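Here's a quick walk through the fold, strand by strand and then helix by helix. Have the viewer open while you read.

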Amino acid sequence: MTTQKELEAALKTLNDTSTRKYNIDYANGGVRLVAEEQGTGVSDISYRMPKSQLYAVIISTQNYKSAEKHQPR
């Protein structure tokens with residue numbers, strides 16, 4: 001089972017490697033990934049899901065960004 005501490009650590013890593021600021025919205029027994037938008041609030045990145053699934057989404061996003069950064073253009 002994924003803990004809130006693991007989820008927050010994965011989010012910190014994502015934010016440290018991104019130009020956008022991401023956050024986790026907790027409500028109704030689930031979580032979702034949101035992006036903070038300057039002047040307009042937040043935009044939903046994922047739908048509401050269990051913490052373990054969101055953890056996988058964040059790790060997958062990190063892996064994608066890392067692979068994209070290392071591919072020649």
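Gly39 takes a positive phi near 80 degrees in the hairpin of β2 and β3, where three residues sit between the strands. Bear in mind that this is a predicted model, where local features need pLDDT of at least 70 and side-chain atom pairs count only at pLDDT 80 or more, while totals for chains, interfaces and linings use all residues. Residues are numbered from 1 along each chain as its sequence is written, and side-chain values use heavy atoms, with hydrogens and water left out. Helices (H or I, at least four residues) and strands (E, at least two) are DSSP runs, numbered from the N terminus.

The other hairpin is made by β1 and β2, with two residues between them, and Asn28 in that turn has a positive phi of about 55 degrees. Two strands count as paired if DSSP finds at least two bridges between them. Here's how the pairs look:

| Pair | Sense | Bridges |
|---|---|---|
| β1 and β2 | antiparallel | seven |
| β2 and β3 (residues 41-44) | antiparallel | four |

For landmarks, Tyr26 stands opposite Val31 in β2, and Ala27 stands opposite Gly30 in β2. Over on the other pair, Glu36 faces Val42 in β3.

Put together, that's an open sheet of three strands in the order β1-β2-β3, with antiparallel pairing. β1 and β3 are at the edges with a single partner strand each, so one side of each has no neighbour in the sheet. On average, neighbouring strands are turned by 45 degrees against each other, direction ignored. (Axes are lines fitted to C-alpha atoms, for helices over the stretch in contact; angles run from 0 to 180 degrees between N-to-C directions.)

Now the helices. α1 lies across β1 and β2, at about 155 degrees to β1. α2 packs on the sheet as well, touching β1 and β2, and its direction makes about 40 degrees with that of β2. Contact here means heavy atoms within 4.5 Å.

Which residues of α1 are buried? They are Leu7, Ala10, Leu11, Leu14 and Asn15, where buried means under 20% relative accessible area and exposed over 50%, with partly exposed in between (1.4 Å probe, protein chains only). Seen down the axis of α1, these buried residues fall within an arc of 140 degrees, so they line one face of the helix; the arc is that of the directions from the helix axis to the C-beta atoms. They pack against β1 (21-27), β2 (30-37) and α2 (51-70). Turned away from that buried side are the exposed residues Lys5, Lys12 and Asp16.
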